[in-house]
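Here is a briefing on aromatic rings and their partners. Keep the structure open as you read.

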Amino acid sequence: MGAEHEGTRTARLRGWIPRRAGTAHPGRLGRMGRKAVLLGCAGALLAGCASMPDGGDVTAVDPSPRADGDSQVRVYGVPPAEGAQPTNIVRSFLDATTSDEADFRTARMYLASSAKRTWRPFLMTNVLQERPKSEPEAQPGREGGDGYTVTLAGSQVATVDGNHAYTPEEKPYRATIHLIKEGDQWRIDRLPDGLVLGQSDFQRIYRSVNKYYFASYKSESDDPKASKNVLVADPVYLRQRIKPITSSVDALLTGPTDWLDRVTSSAFPPGTRLAARDLSLDDSNSLQVKLSKQAVNTDTAQCKRMAAQLFFTVQDMTRASKISEVELQDPSGNSLCALTQDQANQDFAAPGHNGPAGREYFIDAEHRVVAMSDATTEPTPVQGPFGTGQTPLRSIAISRGETTAAGVSGDGRYLYVAGLEAGAARGAPLMTSTSTNTSTGKGADEGLTAPSWDGLGDLWIADRDAHGSRLLRMREGKGDPEEVSVPGLGKRRIKAIKVAADGIRIAILVEDKGRTTLQLGRVERDGTSAHPVLSVQELRPIAPQLEDVVAASWAGGSRLVVVGREAGGVQQMQFMETDGSASDAQTLPGVNGVKAVAASEDETRPLIADATEGIVRLPPDANWKTVAKDGTAPVYPG
């Protein structure tokens, strides 16, 4: 209801016509007539008013499955008004660039002949807080022989590059547009390449979509646990109503974005392109994709891997429709291979799409690690030494197979690892913090962070003292800790970590001069198979608008749930994408005093948090409910 109402309101304000695809019956549209539809333009003064054709046949609505974005508001630009002045030409041009036209045909009508040939709208998108303000250049004789100059100004919040990758970037925006007279009409002859959009237009036009590529473990790729079928989500922004399935496959075939390129690979041979355009699901929700000749000579195993990448990518774009099968074909339509939904989920690991989600865990008032499933209302102690309460713990992490637990002692000094089965022993500490304040209790924020397991069975943890921190990994949760360098960390300090299931990405809470931010780094594995050298490269902010981040947890292939506050604001909980953009997931209801939060990478599972009310749980489409008045450290496996 909220999204539909907002779209309709915006459409009326700007003279655009809202249309929900799939709801208009051909006969009903015919009975309404064009006059009724044109009421959406009544009284519109801006040149951005939607235009309607005044002839042609009524076309039936295609009943085939569509992407979610295909049922939203449709926006169409109008040609330049006769005799329009330069500032109106610029405003109307900006309106036309927000239309749902694949080639910006109407927007190009505002350009001079020379600019029509050179303007590259897809080179970059500048996202501003609001639509750019256009104002004439303040200089004498601006309407002289050199034409007319209009300045665009605003506050930039992000950019989207030519490979569709989103980057938060807050700074003032300023650009100029120059106009000349062609004949007796003003037209734009010089303008920046790319688009300039306000946030509201950007969010309406574009949608975050995960492309999927295979994790590349390099020096550790020969390790049996480093499966060659682990898929990593690579989020990009695509126009959601312009051939959504085709655009998502096109984006997949161009390869990973720059940030993930060093740690992922594609099964598609270089140069592979679509051999047929306008992809869509058929009546049985299956998809046939004709590929260029580069893909023809692949063997069955490689073809299946290609199909898996395509399956999960298109499934992310068409979230409302579950894909039953993907078939890859050669340019002539001969089948190369097919992959069903069951095969994709069984043979390939994409976070949130495959495998059991695991139970919820936390530490209760009696220092016991307890577990809880969606079907139970009372938590029960786990088997093994951590379920007895005899080892007071500060934090825990449960392996993704739910066979092993790692726990940090209450003073933050010791890391223990033990099995989750009856009769398992705790044993000696696997490692001891080097901080000198843990034993005295003077460093509540020092010592060992909460541990985290990746999907390869390796255990990650950071050791902190007053002056710095070290990131460490223990293979399979045993043996000597290996230090992982973090070149971009500098003198900043690690406060908490959470590694993704793929072992390729790690979320790090970084403290610097009293401010805690959430950063995402990629894990690179160099060296040799016998002596791998791990590092976390290119830290980038995930929630740049938050001044102080308290907690974060992976909540999907490219999504985290983040708890923090903006400067001078109150604490809030929200979903964020790994590229730093706000997620389009549901708005979360507030809960007081959150100190920790846990989410499953299965997005249908409830959130759990340590809040003022105790351990609370948020099932989908419900409100927070208290499950234990006393408890700490809620986690899902991972």
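Start with Phe214: its relative accessibility is 0%, so it counts as buried. The cut-off for buried is under 20%. This model is predicted.

**Phe214 and its partner**
- The model holds 12 aromatic pairs.
- One of them joins Phe214 and Phe348.
- Phe214 belongs to strand β7, residues 206–215.
- Phe348 lies in the loop between α9 (341–347) and β13 (360–364).
- The two residues are 134 apart in the chain, so this pair links distant parts of it.
- Phe348 has a relative accessibility of 5%, so it is buried too.

**An edge-to-face pair**
- Phe311 and Phe312 have ring centres 5.2 Å apart.
- Their planes stand at 85°, so this pair is edge-to-face.
- Both of these residues are buried.

**A cluster of rings**
- One aromatic cluster is made of Phe93, Phe104, Trp119 and Phe122.

**Charges over rings**
- Arg540 places its charged end over the ring of Trp259, 4.2 Å from the ring centre.
- Arg559 lies over the face of Phe575, and the distance to the ring centre is 4.0 Å.

Technical notes: Residues are numbered from 1 along each chain as its sequence is written. This is a predicted model: local features need pLDDT of at least 70, side-chain atom pairs count only at pLDDT 80 or more; totals for chains, interfaces and linings use all residues. Side-chain values use heavy atoms; hydrogens and water are left out. Rings of Phe, Tyr and Trp (its six-membered ring) pair if their centres lie within 6.5 Å; planes under 30 degrees apart count as stacked, over 60 as edge-to-face and the rest as tilted. Helices (H or I, at least four residues) and strands (E, at least two) are DSSP runs, numbered from the N terminus. Buried means under 20% relative accessible area, exposed over 50%, partly exposed in between (1.4 Å probe, protein chains only). A charge sits over a ring if NZ of Lys or CZ of Arg is within 6 Å of the ring centre and within 35 degrees of the ring normal.
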